[in-house]
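Visitor: I have a structure open and want to learn how to read it. Can we go through it feature by feature?

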Amino acid sequence: MNCREVQEQLSALLDGELSENVAAQVASHVESCPDCSEQLRVFRELSRLATSLSTPVASNAWEALSSELANTAPSSEALTRFGIPRLNSKWAVAAGLLLVCGTVGLVLAFQSHHSHNMAEAFDHFLVEFAKSPSQAEAVLSTMYEGQPVTATKAERLLNYRPAIYRGLPPDYSLNSAYVMKMPCCTCFQANLASNDGGGIAVFEHNGEQDEWFGVRPSTEVLCRGMPTRLVQIDSYLAASCPCGPRYLTIVGAKNVEEVERLLAFWIPEHGP
Amino acid sequence: MWPNEHPNLSETAQSSALDSGWPPAEEVIRTAQGGDRQGQRRLYDACRERVYRLAYRMIGPDDAADVSQQTFLQVFRNITQFAGQSRFETWLFRIVLNECFQLRRRRARRPAYSLCVDVMDHEPGQERSTDASDLLEMALLQLDPDLRSIFLLREIEHLGYEAIGEALGIPAGTVASRLNRARRELQGILIALGWEP
């Protein structure tokens, strides 16, 4: 093991979370390496310091809580898979529900069906996206053998023509497009630039990919008659919904109106 | 199946007399699930210190009480949804953290509390007179909230990686890498504040 590999395992070593075999390898390296040994010592010191934090004491607010519980009816709506009622209302309501229902959404764990690396990689993508959409694209592209594509090449690799090549909404232009071999499927991803300086990533992929967004609060709404998952990611929104036989996921919308404008461009009206 | 043993919690359970009913027994949870107000009270008493402590460290003292209250409202309104497939503690912490993140978004870009300002204004040498645990409090508030939550669940709540993953909805492998990152970033912030490890 080299220092880089060992340093990545130091927390797990400290916390006793490594298998016996790996722990022995890491410990052996640490014993003979002053840098790694020093890093482990600092981590230990941090743990020790954490135990010195004062313990805040909660006041007893049961009476107020009990009163509020008595004044509000328990939630009786049928919960969907995400613990959130499907809505047949306007998108403005959905934005409010992200705040109101986000907690409920977290009550049920999202089950990851793909590799741990997938969840981690997409989390990295989402964090990077806030700083630089192109850098975020590079993160995924590097990890999943991304190939830069034109419409023709994308169609050849995917056996379908991605929805964005049907056209882009006014005020948006195509910066780059990749086909990536993600664990879930061979996935299309494009980076769009909007005239106001914002960036949007558009994914077209097979099936729902709940694990992409991890624990982030989400709600499910109907957009153009299609069930659409709306996710709050710090300062921006993501949305995912069926688009023909596949799914379309957009990342980076500034608000619900932008989500609606983009999805409406590629997804035909469906249902009442 | 209800977990009966929580080896990663035992250390903390022994360390605090304030919440000796922690983690709450299955019978306490079931009674609260039945809507019995006394049962809810028992569950509240078993959990309130833990909930408040996590909220306090995540969001600061000004909002910790409100977050705690909102957490318990959510807990009791949705407790019938808790099926025992995960540990109750991780289910509970997940709600606490979500309330914290929601509040943070509602108050976007407002400092958690005034210590942040103090940190930015500190003079070289002043930090020497600051207790190391005070520095850690300041540093935690500068740490990315996602990383802060992982650090707190590990170092304050003493959850194992699997339990942290349950609470945050991420794989244990991701917990390991993020915790490593949290510790490194915290180390950097602390050193910038004058900490000498």
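Visitor: Let me start with a helix pair. How do the axes of helix H7 and helix H10 of chain B cross, and within what distance do they come?

Guide: First the general idea. Two packed helices are described by the angle between their axes and the distance between the axes. Now the case here, in what is a predicted model. The axes of H7 (residues 132-142) and H10 (residues 172-192) of chain B come within 9 Å and cross at roughly 125°. That makes H7(B) oblique to H10(B). Their crossing is right-handed.

Visitor: Which residues of H7(B) and H10(B) meet?

Guide: From H7(B), take Leu135(B), Leu136(B), Ala139(B), Leu140(B) and Gln142(B). They meet Leu186(B), Ile189(B) and Leu190(B) in H10(B). By class, this contact has seven nonpolar residues, one polar and no charged.

Visitor: Now another pair. At what angle do H5(B) and H8(B) cross?

Guide: The axes of H5 (residues 88-106) of chain B and H8(B) cross at roughly 150° and come within 12 Å. Angles over 145 degrees count as roughly antiparallel. H5(B) and H8(B) are therefore roughly antiparallel to each other. This crossing is right-handed.

Visitor: Which residues make the contact between H5(B) and H8(B)?

Guide: H5(B) supplies Phe93(B), Leu97(B), Phe101(B) and Arg104(B). H8(B) supplies Pro145(B), Asp146(B), Ser149(B) and Leu153(B). The classes are five nonpolar, one polar and two charged residues.

Visitor: Let's move to chain A. How many helices and strands are there in chain A?

Guide: Chain A has nine helices and eight strands. Of its 272 residues, 51% are buried. Among chain A contacts between residues at least 6 apart in sequence, 57% join residues at least 24 apart.

Visitor: Give me one residue from chain A. Where is Ile233(A) found?

Guide: Ile233(A) is in strand S6 (residues 226-233) of chain A. Its relative accessible area is 3%, so Ile233(A) is buried. Beyond residues up to four places away in sequence, Ile233(A) touches Leu126(A), Phe213(A), Arg216(A) and Ala238(A). Ile233(A) and Ala253(A) are 20 residues apart along the chain, and their C-alpha atoms are separated by 9.9 Å.

Visitor: Last topic, confidence. Which element of chain B has the lowest mean pLDDT, and which the highest?

Guide: The general idea comes first. Where pLDDT is low, the predicted coordinates should not be read in detail. Among the elements of chain B, helix H6 (residues 115-121) has the lowest mean, 35. Helix H8 (residues 145-155) of chain B has the highest, 94. Over residues 1-19 of chain B the pLDDT is below 50, and this stretch has 37 contacts in the model beyond near neighbours in sequence. Residues 109-129 of chain B also stay under 50. For them the model has 24 contacts beyond four places in sequence.

Visitor: What does chain B average, and how does the model score overall?

Guide: Chain B averages a pLDDT of 79, and 78% of its residues score at least 70. The model scores ipTM 0.80 and pTM 0.55.

How values were computed. Residues numbered from 1 in each chain as written. Chains lettered and ligands numbered in written order. Predicted model: local features only at pLDDT ≥ 70, side-chain atom pairs only at ≥ 80, totals over all residues. Heavy atoms only, no water. pLDDT = per-residue confidence, 0-100. Helix = DSSP H or I, 4+ residues; strand = E, 2+ residues; numbered from the N terminus. Contact = heavy atoms within 4.5 Å. Axes fitted to C-alpha atoms, helices over the stretch in contact; angles between N-to-C directions. Parallel < 35°, antiparallel > 145°, perpendicular 65-115°, else oblique. Left-handed = near helix turned anticlockwise from the far one by under 90°. Nonpolar A, V, L, I, M, F, W, Y, C, P; charged D, E, K, R; others polar. Buried < 20%, exposed > 50% of the residue type's maximum accessible area, 1.4 Å probe, protein only.
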